[in-house]
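Good morning, colleagues. Please take a moment with the sequence and the model before I turn to its charged pairs and a helix packing.

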Amino acid sequence: MNTLLPRAYWCHADVDGTPPHPIPADLLTTAPGPAVTWIRESVRWLTPRLDRDAFHRAWAWLGDHRGAQAAVQILRRGQPYAYELDTPAARWRWTAYPVSVLPAPLPLCHLPNEHHPVRSYE
């Protein structure tokens with residue numbers, strides 16, 4: 001019997017050019033809402049460091065709440081969602097990808113560790 005793997009959403013930021021600040025850390029979440037929120041919070045974090053034009057474009061996008069709801073629906077349909085922002089120094093791209101995740105591994109108590117080495121019996 002084939003069963004579908006559970007879906008998760010991997011969020012990632014890329015920068016082409018010289019980023020003036022560190023890139024936000026990736027996120028793996030189990031729902032599309034937090035994935036879109038991560039993108040929006042990452043853009044909001046960057047806005048104070050932007051030039052005037054990029055700042056206004058970013059805030060216009062952040063103010064588009066219908067667009068944010070549409071992004072959640074796009075992810076629910078299994079499609080990736082991305083937002084790009086060009087600045088004089090770099091092109092930023094935030095993407096949320098639907099991914100399938102494997103079931104949780106065996107509990108650590110079933111795996112060998114340094115306190116209980118694997119023994120071979122001959």
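Which residue forms a salt bridge with D86? The partner is R91, and the closest N and O atoms of this pair are 2.6 Å apart. By salt bridge I mean a side-chain nitrogen of Lys or Arg within 4 Å of a carboxyl oxygen of Asp or Glu.

Before I continue, a word on the source. This is a predicted model, in which local features need pLDDT of at least 70 and side-chain atom pairs count only at pLDDT 80 or more, while totals for chains, interfaces and linings use all residues. Residues are numbered from 1 along each chain as its sequence is written, and side-chain values use heavy atoms, with hydrogens and water left out.

Let me return to R91. R91 also forms a salt bridge with E84, where the closest N and O atoms lie 3.8 Å apart. As for accessibility, D86 is partly exposed, at 35% relative accessibility. R91 is partly exposed as well, with a relative accessible area of 38%, and E84 likewise has 38% and counts as partly exposed. The term partly exposed covers the range between buried, under 20% relative accessible area, and exposed, over 50%, with a 1.4 Å probe and protein chains only. Through shared partners, salt bridges join E84, D86, R91 and R93 into one network.

In total, the structure holds 5 salt bridges. One of them pairs the side chains of R44 and E41, at 2.6 Å from N to O. Where do R44 and E41 sit relative to one another? They are 3 residues apart in helix α1, residues 32-46, and therefore about one helical turn separates them. Helices here are DSSP runs of H or I with at least four residues, numbered from the N terminus. R44 is partly exposed at 29% relative accessible area, and E41 is partly exposed at 42%.

Helix α1 packs with helix α2, residues 52-62, at an angle of about 150°, and their axes are 10 Å apart. Axes are lines fitted to C-alpha atoms over the stretch in contact, and angles run from 0 to 180 degrees between N-to-C directions. The two helices are thus roughly antiparallel, a term for angles over 145 degrees. On the α1 side, the contact (heavy atoms within 4.5 Å) is made by I39, R40, V43 and R44, and on the α2 side by A58, W59, W61 and L62.

Thank you for your attention.

Technical notes:
Parallel < 35°, antiparallel > 145°, perpendicular 65-115°, else oblique.
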